[in-house]
Amino acid sequence: MRISRTLAAGLVALVSTALPSVASADTKLRFQTHHSANSLQGKALLRFAGLVKDMSGGRLTVEMLTSSAAVKSTEVFEAAAMGILDGDATGAGYVTNKDAAFQFFGDVMGGYDNAEQIYGWFNKGGGRAIADELYHRFNMHLIGIFVATPESLGSTKPLAGVADLKGWKFRSPPGMESEIFQKLGSGPVVMPFGEVFTAMSSGVVSGADASTLAVNKGLGLYDVGKHTTYPGFHSMPIEHVTINLDKWKALPADLKQVMEKAVAQIADEVPKQSAADDEAAAAELTKAGVTLHNWSAEDRGKFRAVAQQVWADWSKRTPLAGKAYDSHVGYMKSVGLLK
């Protein structure tokens with residue numbers, strides 16, 4: 001297996017602080033997330049670590065490294081699978097190159113309206129079973145997931161509906177999202193987020209897809225663009241909390257339950273806090289002269305219709321992608337999101 005220089009360097013650094021085996025009486029695990037310690041998701045993952053320690057009576061502790069402290073965000077999953085780290089708390093979107101099925105555990109663009117629907121798919125719609133089959137292939141186990149509110153787009157020009165996406169050039173992450181927006185006539189440009197403000201100010205791009213309304217506000221996105229979509233509809237990334245499969249198997253049953261309960265706790269808390277943060281941000285932005293565009297059901301339907309074409313394309317890329325796609329579509333039909 002090839003190891004990048006960054007990953008190899010991470011191995012050297014972490015070996016010097018090698019952790020006891022999970023078979024020891026007091027188990028210590030090291031996880032990494034790309035989120036900062038001050039972000040909504042970063043705070044939640046630090047709370048997860050605290051809950052694990054408290055609920056296990058100190059028998060199990062998780063050190064949550066934030067802001068990609070040990071290895072690059074794109075390498076966390078592999079580092080955990082190899083045992084350099086013990087767990088990955090980023091998102092499946094970083095590993096779609098391993099299997100297209102990971103896209104359906106990372107973000108089903110335009111698919112769901114709220115966190116409860118995603119949790120319903122995962123717990124009742126077949127997501128859990130497919131996750132075990134998918135993640136275990138790469139020596140990882142998915143402990144659980146959590147999500148915030150749907151994300152909002154920021155723009156220097158109005159985004160009142162699907163028609164406004166034609167010719168709209170914006171910063172976009174790669175993958176499924178770029179494909180959907182291209183079909184809708186937009187010009188997605190993949191670039192580091194740190195370059196977005198200059199690009200928007202100079203007119204190189206007219207907007208950006210970054211995060212939720214509150215997070216976008218905190219990033220200063222609306223200091224540049226005075227238009228946004230809210231409530232969001234196009235993207236709701238799934239955060240995953242995963243662990244090296246061998247480490248998971250070595251844990252006693254009660255400690256496995258502790259970790260699952262800790263993820264379930266933050267999964268309940270995050271969307272509630274995210275919604276409250278978005279509401280406060282919406283009020284402040286309105287006062288500041290930012291226009292909030294709430295898309296009609298018709299326009300949302302048009303976006304979802306195009307998104308479904310891209311989902312179907314991704315479903316054909318691997319057998320597990322097909323399974324994941326079928327489970328999502330079946331669940332969406334059962335709850336009335338699709339006919």
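Let me start with residue classes: Ala, Val, Leu, Ile, Met, Phe, Trp, Tyr, Cys and Pro count as nonpolar, Asp, Glu, Lys and Arg as charged, and the others, Gly among them, as polar.

Now, the ground rules. This is a predicted model, where local features need pLDDT of at least 70, side-chain atom pairs count only at pLDDT 80 or more, and totals for chains, interfaces and linings use all residues. Residues are numbered from 1 along each chain as its sequence is written, and side-chain values use heavy atoms, leaving out hydrogens and water.

On a 1 Å grid over the protein atoms alone, a cavity is a set of points where a 1.4 Å probe fits but cannot get out. A pocket is an open set with protein on both sides within 12 Å along at least five of seven lines. Lining residues have an atom within 4 Å of a point. Points are joined across faces, edges and corners, and a volume is the space filled by probe spheres set on them.

How many cavities of 30 Å³ or more does a search of the whole structure find? One. The largest cavity holds about 60 Å³. Its lining includes Asp107, Tyr112, Phe233 and His234. By class, that lining has six nonpolar, four polar and one charged residues.

The largest pocket holds about 1200 Å³. It is lined by 38 residues, and the closest to its centre are His34, Tyr94, Glu151, Ala210 and Pro237. Elements giving two or more residues to this lining include helix H2 (40-55), helix H9 (213-219) and strand S10 (238-244). Helices here are DSSP runs of H or I, at least four residues, and strands are runs of E, at least two, numbered from the N terminus. The pocket lining counts 16 nonpolar, 16 polar and six charged residues.

On to helix packing. Two packed helices are described by the angle between their axes and the distance between the axes. Axes are lines fitted to C-alpha atoms, for helices over the stretch in contact, and angles run from 0 to 180 degrees between N-to-C directions. Angles under 35 degrees count as roughly parallel, over 145 as roughly antiparallel, 65 to 115 as roughly perpendicular and the rest as oblique. A crossing is left-handed if the near helix is turned anticlockwise from the far one by less than a right angle, and right-handed if clockwise. Contact means heavy atoms within 4.5 Å.

Take H2 with helix H11 (residues 253-287). Their axes come within 9 Å and cross at roughly 150°. H2 and H11 are therefore roughly antiparallel. Their crossing is right-handed. The contact divides into 13 nonpolar, three polar and four charged residues.

Next, helix H6 (residues 127-136) and helix H13 (residues 319-334): axes within 10 Å, crossing at roughly 160°. So H6 is roughly antiparallel to H13. This crossing is left-handed. Ile130, Glu133 and Leu134 of H6 meet Leu320, Lys323, Ala324 and Ser327 of H13.

H13 also packs with helix H5 (residues 115-124), at about 125°, with axes 10 Å apart. That makes H5 oblique to H13. Here the crossing is right-handed. Gln117, Gly120 and Trp121 of H5 touch Ser327, His328 and Tyr331 of H13.

Two backbone details to finish. Tyr230 and Pro231 are joined by a cis peptide bond, with omega about -5°. Pro231 sits in the loop between strand S9 (227-229) and S10. Ser67 has a positive phi, near 55°, in a residue other than glycine.
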